[in-house]
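Biologist: I would like to learn how to read a protein model with a ligand, one feature at a time. Could you give the general idea each time and then turn to the case at hand?

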Amino acid sequence: MLLNHFDTMSANRVCHFKLVLLGDSAVGKSCLVVRFVRDEFFEFQEPTIGAAFLTQTVQLDDATVKYEIWDTAGQERYRSLAPMYYRGAAAAVIVFDITKKDTFNGAKSWVKELQRRGDSNVVIALAGNKADMEAKRKVQTEEAQQYAKDNDIIYLETSAKTSLNVKKLFMEVAKKLPKNPVAETRDSVPIGPPSKKSSSGGGCC
Ligand code: GTP
Ligand code: MG
């Protein structure tokens with residue numbers, strides 16, 4: 001089969017994207033990232049201080065997506081730092097704990113804040129984590145699904161403990177990210193303290 005010009009250009013494209021994890025403390029943000037990046041799980045994961053930076057790559061049919069991930073701290077005392085991390089992010093994974101209703105409300109306010117103050121094209125995914133704890137469920141799947149549909153965001157129920165949907169979550173986000181030549185003109189994301197620029201979510205380079 002003949003490839004057209006765009007197919008040829010995008011075939012082995014490596015695209016860098018800044019992704020931020022947001023959500024209340026102890027919902028499992030760090031556990032999800034550690035599962036995604038290192039395929040490990042710790043029952044006693046320490047609360048994050050400030051933020052942690054990790055990278056991981058996802059292979060799509062037409063491109064390689066390299067995530068530059070900021071895992072933020074959910075504790076209230078770090079709340080004011082969050083804009084530094086979501087500013088310029090191409091994608092955000094907002095996490096709540098399906099066994100704690102108030103964390104779903106927390107996630108909703110993160111969605112609202114990102115829609116108002118994040119990058120205009122930010123791809124948002126909502127993760128209902130700890131799906132392995134079905135017996136203690138307080139947030140119904142249908143309610144979260146409907147909320148995600150109304151807000152045009154991805155919704156998946158995940159478990160960092162069992163690995164359920166963890167890779168899929170990052171794959172679904174990757175599929176929605178822009179991998180076109182226009183993105184080449186956007187800045188790549190520096191490794192180091194988060195930038196104050198508002199439109200450097202990443203792109204192909
Ligand atoms: P902060 O860093 O304070 O914002 O918290 P966090 O959202 O990063 O939570 P963390 O990843 O540290 O997880 C808190 C605890 O929840 C962990 O020590 C795990 O015991 C537990 N946990 C995380 N994910 C899961 C999961 O999918 N299932 C179960 N059963 N427990 C989980
Ligand atoms: Mg953490």
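Biologist: How far is a nitrogen atom of ligand 1 from an N or O atom in the side chain of Asn 129?

Modeller: A polar contact is a pair of N or O atoms within 3.5 Å; within protein, one atom must be able to donate a hydrogen and the other to accept it, and residues adjacent in sequence count only if both atoms are side-chain atoms. Here the nitrogen atom of ligand 1 and the N or O atom in the side chain of Asn 129 are 3.2 Å apart. Before we go on, note that this is a predicted model, in which local features need pLDDT of at least 70 and side-chain atom pairs count only at pLDDT 80 or more, while totals for chains, interfaces and linings use all residues. Residues are numbered from 1 along each chain as its sequence is written, chains are lettered from A and ligands numbered from 1 in the order in which they are written, and side-chain values use heavy atoms, with hydrogens and water left out.

Biologist: Which backbone atoms lie at such distances from an oxygen atom of ligand 1?

Modeller: A backbone N or O atom of Ser 30 lies 3.0 Å from an oxygen atom of ligand 1, and a polar backbone atom of Lys 161 is 3.3 Å from an oxygen atom of the ligand. The protein covers 92% of the 660 Å² of accessible area that ligand 1 has on its own, where accessible areas come from the Shrake-Rupley method with a 1.4 Å probe.

Biologist: How many residues surround ligand 1, and which are the closest?

Modeller: A residue is counted as near a molecule if one of its heavy atoms lies within 4 Å of it. For ligand 1 there are 25 such residues, and the closest are Ser 25, Lys 29, Glu 43, Gly 74 and Asp 132. This shell divides into 10 nonpolar, eight polar and seven charged residues, with Ala, Val, Leu, Ile, Met, Phe, Trp, Tyr, Cys and Pro taken as nonpolar, Asp, Glu, Lys and Arg as charged, and the others, Gly among them, as polar.

Biologist: Which helix gives the largest share of that shell?

Modeller: Helices (H or I, at least four residues) and strands (E, at least two) are DSSP runs, numbered from the N terminus. The largest share, three residues, comes from helix H2, residues 29–38. The chain as a whole has six helices and seven strands, and from the N terminus on its elements run α-β-α-β-β-α-β-α-β-α-β-α-β.

Biologist: How much of the chain counts as buried?

Modeller: Buried means under 20% relative accessible area, exposed over 50%, and partly exposed in between, with a 1.4 Å probe and protein chains only. Of the 205 residues of the chain, 49% count as buried. Ile 94, in strand S4 (residues 91–97), counts as buried because its relative accessibility is 0%. Glu 157 lies in strand S6 (residues 154–157) and is also buried, at 12% relative accessibility, and its side chain makes a polar contact of 2.7 Å with the side chain of Tyr 155.

Biologist: Which residues have a positive phi although they are not glycine?

Modeller: Most residues other than glycine have a negative phi. Ala 26 has a positive phi of about 70°; Ala 26 is found in the loop between strand S1 (13–22) and H2, and it is exposed, with a relative accessible area of 59%. Asn 165 has a positive phi of about 60°, lies in the loop between S6 and helix H6 (166–176), and is partly exposed at 23%.

Biologist: How far apart in space are Ile 94 and Val 27, and how far apart in sequence?

Modeller: Ile 94 and Val 27 are 67 residues apart in sequence and 9.9 Å apart in space, C-alpha to C-alpha. Glu 40, in the loop between H2 and strand S2 (51–59), is partly exposed at 33% relative accessible area, and its C-alpha atom is separated by 9.9 Å from that of Thr 162, 122 residues apart along the chain. Ala 148 lies in helix H5 (residues 141–150) and counts as buried at 2% relative accessibility; the C-alpha atoms of Ala 148 and Lys 108, 40 residues apart along the chain, are separated by 9.6 Å.
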